[in-house]
Protein chains: 2
Amino acid sequence: MEAFRIIEEAGIEKLSLRDVARRVGVSHQAPYKHFPSRDHILAEIVARCFDEFAVFLGTRPPSDQPHEDLQAMGLLYLEYAQRHPLKYRLMFSTPLPDPRRHPRMMQNAHHAFSILRDRLQGMPLRQTEPQSTRSTDLDAMFIWSTLHGLSSILHSDMLAALKMSELDQRRSVQRCFARLSLALSGNDGTPAIPKRPLRKSEARSSSSTRRR
Amino acid sequence: MEAFRIIEEAGIEKLSLRDVARRVGVSHQAPYKHFPSRDHILAEIVARCFDEFAVFLGTRPPSDQPHEDLQAMGLLYLEYAQRHPLKYRLMFSTPLPDPRRHPRMMQNAHHAFSILRDRLQGMPLRQTEPQSTRSTDLDAMFIWSTLHGLSSILHSDMLAALKMSELDQRRSVQRCFARLSLALSGNDGTPAIPKRPLRKSEARSSSSTRRR
């Protein structure tokens, strides 16, 4: 789509119907034939972003390993944000047109969110409060917050200010995934690291007794 | 500081030495007497933001309840971002001047990060991998990611697109804090919710035996 190329080159704030028109080689008024307003163009672009993002997140179908699935989806999330920073910013960090007037944009946003939520369905979630109808939505918000924040921080100038090495950045990503698993299910998806080798009798009892 | 008012009114991108000069009622060249370049002004503003942010996060001194302390700090974090959106954006979402050339900005950024990290020192952190020298930094990155992402999402237009009610937004914040506690220590800082009232003998044993 032509508008994407303009966005990539000029930044979101510069996008205008005039830019779109010039880019596609038609007169200034031509885009109005297809889209009644700038908001309609933006809503269409954002709708396509959400569609592409949802397809990307769903690239790896779920297996029977919910922790691995969550980590795989998280890595895809971070990869999308890294590969398409302006599309990502368009979806999550810029003023969007009124969703009530642009139902396709809203539907596609819902669909992308549902990919996050669906990954939670297969996990044995540890309960933190009485379950409610939208409980899984709240956990999806938590995962989304962590991934969105991590992605934003990794692409900000803050890590340079904190002198964080590339190795520690990669380790931060791994740590976030381990903590997410621990947060959701009460275990991090990997075997516990014993301080010394367990004897057989201890190994059996450690699965039913909390070690303090 | 005058520059702050200009930022609040005009947005970060519009900040220029000319704006600062006009605002403080001096000629265009005057600010150069105090700051050699636009980067030096920006670095000074950002340094003051980090300083103010760190003071704000430290408003409530730590108690002997690490989960409550973490939640209190998290709420202060979200409150600062809500009350000072442009200062927040300046620190975390805009291009910063080269930190090597602006040591005070870097020191203040480090100090703000250390407030997050210090809150972790008092928690009995559940280990997810062999401990390393910067292990607490990695966990601070995790908390920061969740808080930064949550704050960004709460102030984005995405929640309108997802039709999330204000009640569910507040519940999302609570859920994030519960999941953060669970992620860090393996318990969510609140007593488990029993499915039926416990008898005294069970209540005693439930503190040492994991219920499955």
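Predicted model: local features only at pLDDT ≥ 70, side-chain atom pairs only at ≥ 80, totals over all residues.
Of the 212 residues of chain A, 34% count as buried, where buried is said of a residue with 20 or more other C-beta atoms within 10 Å of its own, exposed of one with 12 or fewer, and partly exposed of anything in between, with C-beta atoms placed from the backbone. Residues are numbered from 1 along each chain as its sequence is written, and chains are lettered from A and ligands numbered from 1 in the order in which they are written.

Let us begin with chain A. Chain A has eleven helices and zero strands; helices (H or I, at least four residues) and strands (E, at least two) are DSSP runs, numbered from the N terminus. Read from that end, the elements run α-α-α-α-α-α-α-α-α-α-α. Among contacts in chain A between residues at least 6 apart in sequence, 60% join residues at least 24 apart. Here two residues are in contact if their C-beta atoms, placed from the backbone, lie within 7 Å.

How confident is the predictor? Its pLDDT gives the confidence in each residue, from 0 to 100. For chain A the mean pLDDT is 77, and 69% of the residues reach 70 or more. Among the elements of chain A, α8(A) has the highest mean pLDDT (94), and helix α11 (residues 200-205) has the lowest (44). The pLDDT is below 50 over residues 190-212 of chain A, a stretch that has 13 contacts in the model beyond near neighbours in sequence. For the model, the scores are ipTM 0.78 and pTM 0.79.

Now step inside, starting with helix α8 of chain A, where you will find A:Ala140. A:Ala140 counts as buried because it has 22 C-beta neighbours inside 10 Å. Leaving aside residues up to four places away in sequence, A:Ala140 touches A:Phe113, A:Leu116, A:Arg117 and A:Leu120. The C-alpha atoms of A:Ala140 and A:Ser114 are separated by 8.5 Å, although these two residues are 26 residues apart along the chain.

In the largest nonpolar core, which has 89 residues, A:Val46 and B:Val46 touch the most other members. A nonpolar core is a set of buried Ala, Val, Leu, Ile, Met, Phe, Trp, Tyr and Cys residues joined through C-beta atoms within 7 Å. Not counting residues up to four places away in sequence, A:Val46 touches A:Leu90, A:Met91, A:Leu96 and A:Met105. A:Leu90 and A:Met91 are among the buried residues of helix α6 of chain A, together with A:Lys87, A:Tyr88 and A:Phe92. The buried residues of α6(A) pack against α4 (38-57), α5 and α8 of chain A, and also against α9 of chain B.

Helix α10 (residues 166-185) of chain A is next. The expected span of a helix is 1.5 Å times one less than its number of residues. The 20 residues of α10 in chain A should therefore span 28 Å, and the end C-alpha atoms are 29 Å apart, which agrees. Buried residues of α10(A) include A:Ser172, A:Val173, A:Phe177 and A:Leu184. The buried residues of this helix pack against α5 (66-83) and α8 (135-154) of chain A together with α8 and α10 of chain B.

That brings us to the meeting of the two chains. The contact takes 53 residues from chain B and 52 residues from chain A. On the side of chain B that touches chain A, α6 (85-93), α7 (103-121), α8 (135-154), α9 (158-161) and α10 (166-185) each supply at least two residues. Of these, α8(B) gives the most, with 13 residues. The residues on this side of chain B divide into 27 nonpolar, 14 polar and twelve charged; Ala, Val, Leu, Ile, Met, Phe, Trp, Tyr, Cys and Pro count as nonpolar, Asp, Glu, Lys and Arg as charged, and the others, Gly among them, as polar.

How are the two copies related? A rotation of 180° with 0.0 Å of shift along its axis superposes chain B on chain A (RMSD 0.0 Å), by least squares on the C-alpha atoms of residues with pLDDT of at least 70 in both. That is the relation of a two-fold axis. The same surface serves both copies, as 98% of the contact residues of chain B recur in chain A.

Notes:
pLDDT = per-residue confidence, 0-100.
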